[in-house]
Amino acid sequence: MGALLQGLGPLLLAAACGCGVLLPQLSRAQADDEDTARADARADRALDEATQDKAEADKAPVFDTGVTTLEAGANAAYRLEVRAPNPLRTLLVRHLDLARFREQADISVVEVGRLIAAAPDQTRSLLEPEGYFNARVEVKRDDDPAGGPPTVRLRVDPGTPARVGRVQLEIQGPFGDAMNAGDKELNTRWQRLTARWPLKTGAPFSQSAWTAAKNTLLANLRTRGYANASLSGTGAEVDAPNNRVRLFVVVDSGPLYRIGEVRVEGLERTPQEAALNVLPFEIGSTYTEKKLLDYQEALQKSGLYEGVAVELDQSPEGADHAIVYAKLRENKVQNATLSVGYSSNTGPRVGIEHTHRRVFGHDLVATTKLKIGRDERTASFDLLTYPQPGGYRNLLGLSADYLDAGGALTQTQRVRVGRTRDSERVDRLYYLEYNRTTLETATARSTDRALLANYEWVHRDVNNLVFPTRGLILSAQGGAGVAYDSDNDRGPFSRLYLQAVWYQQLPGGWLGQLRGEVGQVLKKDSLGIPDSLLFRAGGDDSVRGYGYRTLGPVRDGAVVGGPVLATGSLELAHRLSNSSPNWRNWYGAVFVDAGNAAQTWDDYDPAIGYGVGVRWRSPIGPLRIDLAYGQQVKAARLHISVGVTF
């Protein structure tokens, strides 16, 4: 089982781009004018202040010096010993010719001598990009008295790492021209960009950090309006005797891009209006990369397209009326999916889902679902239009549900007519619903009906929708209507529900999750409301340690829905291992839940559950396996679930 768990994990993608120019060992330039001299003096003072607190630390080695020995194998011409601080030692062992060619048995004594002679210069060339410009290198060869392979010993003292001295950042092109003309917004933006420049005076210098800083500066411009921003000049001037580096960057912003047109490509049967109706930006607005990503996500969420790519035409001559290309590959007209699963809430189940994306040749999507389980069975049919202007979609829904939980059998039939709209962070659904629910206990059976108008709203502001570790998810529902109960009583009612889930990264690598929900149905005491519109608690995403929907008012020995609900949960999780990459996506968790449903707030008595669990960061969301103890029932219960619920 452990081997299987270690083998799981998501696909990691990594990309690196850009390069910098390093000019080593240049003599320090003398200022030619008074302004430059004053700037250099200010930079020197800033550097002195930034490094004053590090003076004692700089006297000692930055890293513990160790030795890596490459033993002489059967084919090795010599044994190599490298003494240097890590991670520099690892760098040298990986790239030095002395390490790479030692396994060549046919290498001559003359060639070994050449490698030894070249090692000091090669070592310095490897260390300079890491910010060490005064390295001292010693190489010597010791022959084995017994006649075995000789030992080549390389000793490296990297010296004091160089730090950034003066930094000069300039921007030219339309961005710079507008700044000089008094554009306050661009002046503020440039100030923010320069303030975020990571290689400030006093910071350690390295070629990789220098390249990353330039790429980040360009990316900030390219992703927000200036898609063709480029570096017109850069320089890193090294003052080796003083271990300082002066940095110069000149950026050409290029033209400001405005979105003038969206062209949809690749469609055969789907009207292009469906793609244009989900535009999250206005024609004529300034280009940003985020707008294109939001548009791409909106197209994907529509369910009409199998492949989506949104690109900007970066031709400079058309910058003020740039074309955005939406390159689409349509989904199949029909597809069906079979499923077999298990839920700790309702037991084993099988299901089938069928989708038709061109019903009777019209711009309609029909989705039919059937799920049969031990304790729960559902059947539904949803008819959804293609996206309308503003991104709205009209819907018609029919569903029938059967649930055996808490000793009560609940059968519900619904008809819904409404509209829905999904955006990057907010989903909205409002509809008119007819609800008919039959509740059966051991001694009674009742059927209640209701006609109500509902509004559902979900807001997501988290760092990752699949596995959130920071942010907030809010879900709210509100509805009002008229109920007709089994006693022929009739009257108005309203229903309110709110759920919040807060994620936070805590010190020590801990992850915190705080969840709460509250709901209430407002009605006169004698009026019966369909049980599916009332509240129950318990289960994987409610109060763990109790069965699914087994917490609530008790009638005839069965748990039924109540007009009031409140639950809360506190969970702490920590990665099981930071050292092993096979376990980086596995977390251990501890939690405590509390809550219940009741007839009135005076009757409310929260049930408490607590326990431990494990989390796997799967590609479709967190897999949660929890063992919880229900204090009210004095028993432990296993809970298994996948995904983020909101």
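**Arg 549**

I looked up Arg 549 in this predicted model and found it buried, with a relative accessible area of 17%; buried means under 20%, exposed over 50% and partly exposed in between, with a 1.4 Å probe and protein chains only. Its phi is near 55 degrees, a positive value in a residue other than glycine. Arg 549 sits in the loop between β21 and β22 (554–555). I take helices (H or I, at least four residues) and strands (E, at least two) as DSSP runs, numbered from the N terminus.

**Conventions**

I note that residues are numbered from 1 along each chain as its sequence is written, and that side-chain values use heavy atoms, with hydrogens and water left out. For this predicted model, local features need pLDDT of at least 70 and side-chain atom pairs count only at pLDDT 80 or more, while totals for chains, interfaces and linings use all residues.

**Asn 488**

I then turned to Asn 488, which has a positive phi of about 65 degrees although it is not a glycine. Asn 488 lies in the loop between β19 (471–484) and β20 (490–505). Asn 488 is exposed, at a relative accessible area of 72%.

**Pro 87**

I checked the peptide bond between Asn 86 and Pro 87 and found it cis, with omega about 10 degrees. Pro 87 belongs to the loop between β2 (79–85) and α4 (88–95).

**Asp 157**

I located Asp 157 in strand β4 (residues 151–157). Asp 157 is partly exposed, with a relative accessible area of 31%. Leaving aside neighbours within four places in sequence, I found Asp 157 in contact (heavy atoms within 4.5 Å) with Asn 134, Ala 135 and Arg 136. From C-alpha to C-alpha, Asp 157 and Arg 83 are 8.7 Å apart in space, and they are 74 residues apart in sequence.

**Nonpolar cores**

I define a nonpolar core as a set of buried Ala, Val, Leu, Ile, Met, Phe, Trp, Tyr and Cys residues joined through side-chain atoms within 4.5 Å. The largest has 28 residues, of which Trp 197 and Leu 247 touch the most other members. At least two residues each come from β5 (163–172), α7 (173–180), α8 (184–195), α9 (207–222), β6 (230–239) and β7 (244–252). The most come from α9, which gives five. Apart from this core I noted another, of 26 residues, including Tyr 295, Leu 299, Val 308 and Val 310.

**Second largest pocket**

I recorded about 510 Å³ of space in the second largest pocket. Of its 26 lining residues, Lys 523, Asp 525, Leu 527, Gly 528 and Gln 599 are the closest to its centre. A pocket here is an open set of points on a 1 Å grid over the protein atoms alone, where a 1.4 Å probe fits, with protein on both sides within 12 Å along at least five of seven lines; lining residues have an atom within 4 Å of a point. Grid points are joined across faces, edges and corners, and the volume is the space filled by probe spheres set on the points.

I found that β17 (426–440), β18 (445–462) and β21 (510–522) each supply at least two residues of the lining. The largest share, three residues, comes from β21.

**Confidence**

I read a mean pLDDT of 88 for the chain, with 88% of its residues at 70 or more; pLDDT is the predictor's confidence in each residue, from 0 to 100. Over residues 1–64 the pLDDT is below 50, and this stretch has 83 contacts in the model beyond near neighbours in sequence. Where pLDDT is low, the predicted coordinates should not be read in detail.
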